[in-house]
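Please consult the sequence and the coordinates alongside the text.

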Amino acid sequence: MSAMRDAVNALNDRLVMAHAIGESLEAAAGETAPAWVYVFREQVEAIRVAAEAVEILTSGASA
């Protein structure tokens with residue numbers, strides 16, 4: 001199960017980076033951020049929620 005844990009950890013690391021990129025894009029655009037910046041940030045959040053669900057399921061499987 002450690003391979004699954006490693007994969008979830010790698011996914012979480014990449015989500016942190018994607019979130020930071022989204023924040024940077026939004027900050028750079030100011031109050032007139034293009035719609036795609038919003039879409040990008042919403043998709044990162046949706047992936048984060050899915051990753052959290054996978055993490056919960058895998059932690060329950062290893063318990």
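What is the volume of the largest pocket? In this predicted model, the largest pocket has a volume of about 190 Å³.

## The largest pocket

The lining of the largest pocket consists of 13 residues. Those that lie nearest the centre of the pocket are Glu 26, Val 37, Tyr 38, Arg 41 and Glu 42. Two elements each give two or more residues to this lining, namely helix 1 (2-29) and helix 2 (35-62). Helix 2 gives the most, contributing 7 residues.

In terms of residue class, the lining of the largest pocket divides into 7 nonpolar, 1 polar and 5 charged residues.

## Overall architecture

The secondary structure of the protein chain comprises 2 helices and 0 strands. Its C-alpha atoms fill a box of roughly 45 × 15 × 10 Å along the principal axes. The radius of gyration of the protein chain is 15 Å, whereas a compact globule of 63 residues would have a value near 11 Å.

Among contacts in the protein chain with a separation of 6 or more, 63% join residues 24 or more positions apart. Of the 63 residues, 13% count as buried. The accessible surface of the protein chain comes to about 4,600 Å², and carbon and sulfur atoms account for 64% of that area.

## Arg 41, a residue of the pocket lining

Arg 41 is placed in helix 2, and it is among the lining residues that lie nearest the centre of the largest pocket. Arg 41 counts as partly exposed because its relative accessibility is 25%, a value between the limits of 20% and 50%.

Which residues are in contact with Arg 41, leaving aside its neighbours within four places in sequence? They are His 19, Gly 22, Glu 23 and Glu 26. Glu 26 is also one of the residues nearest the pocket centre. The C-alpha atoms of Arg 41 and Glu 26 are 9.0 Å apart in space, with the two residues 15 apart in sequence.

Leaving aside its neighbours within four places in sequence, Thr 58 is in contact with Met 4, Arg 5 and Val 8. Thr 58 and Arg 5 are 53 residues apart along the chain, yet a distance of 7.5 Å separates their C-alpha atoms.

Ala 28 lies in helix 1. Ala 28 is exposed because its relative accessible area is 71%, where the cut-off for an exposed residue is over 50%. From Ala 28 to Met 17, the separation is 11 residues in sequence and 16 Å in space, C-alpha to C-alpha.

Technical notes:
Residues are numbered from 1 along each chain as its sequence is written. This is a predicted model: local features need pLDDT of at least 70, side-chain atom pairs count only at pLDDT 80 or more; totals for chains, interfaces and linings use all residues. Side-chain values use heavy atoms; hydrogens and water are left out. On a 1 Å grid over the protein atoms alone, a cavity is a set of points where a 1.4 Å probe fits but cannot get out, and a pocket is an open set with protein on both sides within 12 Å along at least five of seven lines; lining residues have an atom within 4 Å of a point. Grid points are joined across faces, edges and corners, and a volume is the space filled by probe spheres set on the points. Helices (H or I, at least four residues) and strands (E, at least two) are DSSP runs, numbered from the N terminus. Ala, Val, Leu, Ile, Met, Phe, Trp, Tyr, Cys and Pro count as nonpolar, Asp, Glu, Lys and Arg as charged, and the others, Gly among them, as polar. The radius of gyration is taken over C-alpha atoms; the globule rule is 2.2 Å times the number of residues to the power 0.38. Buried means under 20% relative accessible area, exposed over 50%, partly exposed in between (1.4 Å probe, protein chains only). Contact means heavy atoms within 4.5 Å. Accessible areas come from the Shrake-Rupley method with a 1.4 Å probe; for residues, only the protein chains shown count as cover.
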